[in-house]
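Please read it with the model open.

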Amino acid sequence: MNKKNKIEILCNHPNCMEEGVYKAPLDYDNLGNYQWFCMEHVKEFNKKWNYHKKMDANEIEKDIRFDTIWRRPTNSFGSGKKFYNFTINGEDMGSFDNPVAYQPQSNKLLKSLNILKLNINTDIKLIKKSYKELVKEYHPDVKGNSKKVIDKFREIVEAYNYLIERYKK
């Protein structure tokens with residue numbers, strides 16, 4: 001497009017005959033429609049403009065957080081529809097398709113399975129078998145009473161207790 005076909009827009013400030021090159025929103029309720037200003041008047045407009053003027057502290061916080069994700073809805077990583085869709089011994093252990101069964105501790109479930117060296121498709125017999133093997137291997141009477149060994153043993157016991165309780169539900 002050459003300069004001959006360019007449409008000049010005058011600055012929207014009263015009595016200004018400069019070209020309106022810089023856009024600014026019309027008002028707070030109409031952010032998608034713009035008015036045009038010259039450099040001098042857009043600076044003046046920007047000094048007076050306060051986007052958060054009509055918001056309380058909670059609304060401002062929410063708006064700022066929404067800005068950090070470019071005003072798009074997001075989900076946590078790995079939270080797709082089928083992410084928690086798995087069973088233990090044929091029992092549904094939670095999915096987004098079954099919100100009653102879904103519990104936010106699912107990360108704990110995955111961590112517990114990992115500690116006992118099990119995969120998602122396991123049953124109660126495998127849980128007990130893996131637990132017995134790991135307890136024999138990491139028991140403080142066998143490995144010694146160092147803090148690291150005791151913490152590992154405690155982690156195994158907690159994982160087992162969590163999986164057994166979860167299985168009973």
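1. Start with Arg154. Its relative accessibility is 44%, so Arg154 counts as partly exposed. (Buried is under 20% relative accessible area, exposed over 50%, partly exposed in between, with a 1.4 Å probe and protein chains only.)

2. A word on the basis. This is a predicted model, where local features need pLDDT of at least 70, side-chain atom pairs count only at pLDDT 80 or more, and totals for chains, interfaces and linings use all residues. Residues are numbered from 1 along each chain as its sequence is written, and side-chain values use heavy atoms, with hydrogens and water left out.

3. Arg154 forms a salt bridge with Asp151, at 3.3 Å from N to O. (A salt bridge is a side-chain nitrogen of Lys or Arg within 4 Å of a carboxyl oxygen of Asp or Glu.) The two residues are 3 apart in helix 6, about one helical turn. Helices here are DSSP runs of H or I, at least four residues, and strands are runs of E, at least two, numbered from the N terminus.

4. Asp151 also bridges to Lys147, with the closest N and O atoms 3.1 Å apart. Both lie in helix 6 (residues 147-168), 4 residues apart. Lys147 is exposed at 62%; Asp151 is partly exposed at 33%.

5. Helix 2 (residues 57-67) holds Arg65 and Glu61, 4 residues apart. Their salt bridge has its closest N and O atoms 2.9 Å apart. Arg65 is exposed at 55% relative accessibility, while Glu61 is partly exposed at 38%.

6. The whole structure has 6 salt bridges.
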